[in-house]
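User: I would like to learn how to read the features of a protein model. Can you take me through them one at a time?

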Amino acid sequence: MNRCSYKRAGTFVLSLFIPILMILQTTLPSLAAPGEELDYPALAEERKSLEIQSNQIENWPAGPAIGAQGAILLEANTGIILYAKNIDEPLYPASTTKLMTCLVAAEHSAMDEIVSFSHDAVFSIEPGSSNMGIDEGQSLPMEECLYGIMVGSANEVANAVAEHVAGSMDAFADMMNQKAEELGCTNTHFVNAHGLFDENHYTSARDLALIARAFFQNELLTKIGNTASYHFEATETQPDDFIKRNKHKFITGETPYDGVKGGKTGYTDEARQTLVTCAEKNGMRLICVVLKEESPEQFNDTVKLFDYGFANFAVTNVSENETKYNISGSRFFQTSYDIFGNSKPLLTLNPDSYLILPRTADFADLTSELSYDRSGEREAARIQYYYNNVYVGTATVDWSREVRAPYGSEQGDTENTQEGEANTIVFINVKTILVAVLAITALLILLFVLRDILTSYSFLNSRKRNRGKTGGFFKRSKDRGPTF
């Protein structure tokens, strides 16, 4: 073949290869980096148009449009949902999974237990994923492991804790699922302790808020979950000295927000940005969950939701406002001490029961349901309150404790009535009862006296009539003695 023939052949091959190369140029980026062809900010903007379920409630404060796929604002003390957007849609939680990991670990281990790192714990995580460099064969106390999980988001530490607590990572996942069910989660399934992507590892905004609620009820976990940085010192079983810093901007102060109690960040390509945060202000403890958002909007969304919650809702004490279930008007059940100075109370509206209401709502706008389902020995009944058919809280009607008299009681009497409690405690008023008993006794005596008078009057009238007919009860004979 001469040079021209080679040239023509080369030109032909090149003419075939160029279109193929152009096709590969359009497809290879998606193969090399899955998801990069998607315009994530545009997708987040589209998600702002998704329905916000809480905005459909009549006279409920309108919540902000945010770019998260799912989000919730929950008042932790009462369980009342203030903001809801796709709260039951199963989504990937990423490292916010670690809230459940630490919760289960704290409930099934002591903080001074030593956790050893196996080969699987260290090397089964994805290369380059979040870790703090603990090597196989090293060990840490459980408490430091929890700091490593929450502050450093260390995946190998989550694995090691799972193995230590349950014997295996799979068994620990079963414990996580069991705990989720106990907390009332209905759209959650965990397959690992760290949150790296698995299509069978998911939760929902509502479920994750329930998990966070339980997490922040634990004082130690709350302290760990609100730590900006932690210094790991070298020991005989862990030779490195290093500091891990939290990525949660509210905790580090990079994005300041008053009242923050802690939280957890999360990210995978599939989950996108996830964030859980707890903040306390104005007597309310709010938990905010944001799932599937883009950085840094997960923090901005959380600020918007916290501002919305604290500005539009307020705590309302039930005992200070309730009149429908008040029986203090009865003369026999007075809210005062009896004449003996120390009476046993009967029932009281729990003075610590309160509701979370929109600031524009009035207590008179609420409807209520009385039930006798009890969760404690002192409870006699429960009253559930609703605003436009939305649950806003529960009050309990309790059997009251004995109270100490205001004037000189013996040691061993029960605790004093706290200020403000006297208006709701119901006592038997012995003075009133005694007055009533005496009045009834006097009435009975009067009736007996009247009866005797009437009986005597009737008897005298009968004797007078008999005298008129016979000359008396007896008559004397002129010749004989008296005869009957």
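**The largest pocket**

Analyst: Start with the lining of the largest pocket: strand β7 contributes the most, with five residues. This is a predicted model, in which local features need pLDDT of at least 70, side-chain atom pairs count only at pLDDT 80 or more, and totals for chains, interfaces and linings use all residues. Residues are numbered from 1 along each chain as its sequence is written, and side-chain values use heavy atoms, with hydrogens and water left out.

User: Which residues lie nearest the centre of the largest pocket?

Analyst: First the general idea. Rolling a probe the size of a water molecule over the atoms shows where empty space is left. On a 1 Å grid over the protein atoms alone, a pocket is an open set of points where a 1.4 Å probe fits, with protein on both sides within 12 Å along at least five of seven lines; lining residues have an atom within 4 Å of a point. Here, 23 residues line the largest pocket, and S95, S130, G266, Y267 and T268 lie nearest its centre. The elements giving two or more residues to this lining are β7 (260-268) and β8 (272-281). The space in the largest pocket is about 440 Å³, where a volume is the space filled by probe spheres set on the grid points, joined across faces, edges and corners.

User: How many helices and strands does the protein have?

Analyst: Helices (H or I, at least four residues) and strands (E, at least two) are DSSP runs, numbered from the N terminus. This protein has 12 helices and 19 strands.

User: How many aromatic pairs are there?

Analyst: Rings of Phe, Tyr and Trp (its six-membered ring) pair if their centres lie within 6.5 Å; planes under 30 degrees apart count as stacked, over 60 as edge-to-face and the rest as tilted. The whole structure holds 15 such pairs. Y147 and Y230 are stacked, 4.2 Å centre to centre with 15 degrees between the planes. Y147 lies in helix α5 (residues 142-150) and Y230 in strand β5 (residues 229-232), so the pair ties together parts 83 residues apart in sequence.

User: Is Y147 buried or exposed?

Analyst: Buried means under 20% relative accessible area, exposed over 50%, partly exposed in between (1.4 Å probe, protein chains only). Y147 is buried, at 5%. Of the protein's 484 residues, 42% count as buried.

User: Which residues form an aromatic cluster?

Analyst: W60, Y83, Y308, F313 and Y387 form one.
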